[in-house]
Amino acid sequence: MNSHYDVIVIGGGASGMMAAGRAAERGRRVLLLEKNDHLGDKLAITGGGRCNICHAETNLRLLLKNYGAAEKFLYSTFSQFGVDDTFTFFESHGLPLQIEADQRAFPVTNRASDVVRLLEKYLTQGNVTIRTNAEVRGFIESNGKIVGVQLENQTLTAESYILATGGKSHPETGSTGDGFGWLKKLGNDIVEPTPTVVPLAVRESWIKSLAGVALDDVKVTFFVDQKKQLSVKGRILCTHFGVSGPIILNTSGQVAELLKEGAVTASIDLFSGLDLGALDKYITQIFNDNKNRDLKNVMALIVPPGTSAVILSLLPELDLDKKVHSITKSERKTLVDQLKALPITITGLMGYELAVVSDGGLAISQVDGKNMRSRRYSNLFVTGDLLHINRPSGGFSLQLCWTTGWVAGEHA
């Protein structure tokens, strides 16, 4: 096997495969190194196995506002390969996309494995040499350039190197932050990673007993020491450890800060579109239509599917076998109040194993956004989750990978 290439890409995830494919498309002789026994392990589980390829916002300025302090840095990068280019890339390679709620784009096949296969085909078409089970130990540098990449028993060399090993979320897929250590040894400033877009752990067993149940259009209000701090609306997912879902994931960073201030509790409003009076009228109408039925049976007509027994367990003062025509106004008020404010206690954030995104990484001041080139080493390019760029869930992370990978592959 050759030991010298035009471009060596380290990391066979989303940005690494895109970078290697694009460099090969330009006629470069490319080697892709992956420490796992096959490519795209993390990509294959994204979006619940469906792969949220991108956020379908084609207005560049609006899109980049989701990347926080990196907004200006990314302008040149995304001008070269943006959301429109992502759609064109996947659809021209035979995988149409569909746009769903909140502008989330998925493959029409709803299979992340199809995305991995498409990228593998892209690499094959470009004659990229792929080495799996390739455990990289680090870089060899001399006089401001990278002169080799060290494997266990071999040194490989190239004209350019693209580092695409990812962050620290889902370490079971091999994303263990190796690249951070290598960059640090090269003298770069690394912001210590933390899990940010991550589910929340909850104390109460009732929410855990609803694991797998999704609650749509709810409002979650967070409190610190009983004082209201923030509210979010949308969809949440009950889990065996607490709560997840888009609004939880995208609020977890703020909740992490609240936990530093004191005890954090939250209330879940199952009927965010109705005030107390309107909800009381809604329930009264259902009671009137089912006068001779037991409360425990009528509850299923009021609350989200699969939740009635659990919610009634939070109301021990109500007689579940009571006919609804006998429910008093006071008892109905108790029910209404509970449905508008189901209580939970936040005990913390889940770790890297469940994080959708971890922050931290190489400070963007040390990278040229025009080409993803390191400002310290002229032939080193850095992509994707290795960069210290905060972003919410909803396709923003993968778009960052497609964009930075393509740009690095274009310039390496």
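Residues are numbered from 1 along each chain as its sequence is written, and side-chain values use heavy atoms, with hydrogens and water left out. Because the model is predicted, local features need pLDDT of at least 70 and side-chain atom pairs count only at pLDDT 80 or more, while totals for chains, interfaces and linings use all residues.

**View 1. An open sheet of 3 strands, in the order β3-β5-β4, with antiparallel pairing.** Strands here are DSSP runs of E with at least two residues, and helices are runs of H or I with at least four, each numbered from the N terminus; two strands pair if DSSP finds at least two bridges between them. The edge strands, each pairing on one side only, are β3 (54–55) and β4 (97–99). Strand β5 (residues 104–107) joins β3 over 2 antiparallel bridges, and Ala105 in β5 is the bridge partner of Cys54.

**View 2. Cysteines in a structure that holds 0 disulfides.** A disulfide is counted when two cysteine sulfur atoms lie within 2.5 Å. For Cys54, the nearest cysteine sulfur is that of Cys51, 9.5 Å away; for Cys401, the nearest is also that of Cys51, 10 Å away. Cys54 is buried (under 20% relative accessible area, with exposed meaning over 50%, partly exposed in between, and a 1.4 Å probe applied to protein chains only), since its relative accessibility is 0%.

**View 3. Lys340 in the loop between α13 (329–339) and β17 (342–349).** Lys340 counts as buried at 15% relative accessibility. A polar atom of its side chain lies 2.9 Å from the backbone oxygen of Phe271.

Key:
Polar contact = N/O pair within 3.5 Å; in protein donor to acceptor, adjacent residues only side chain to side chain.
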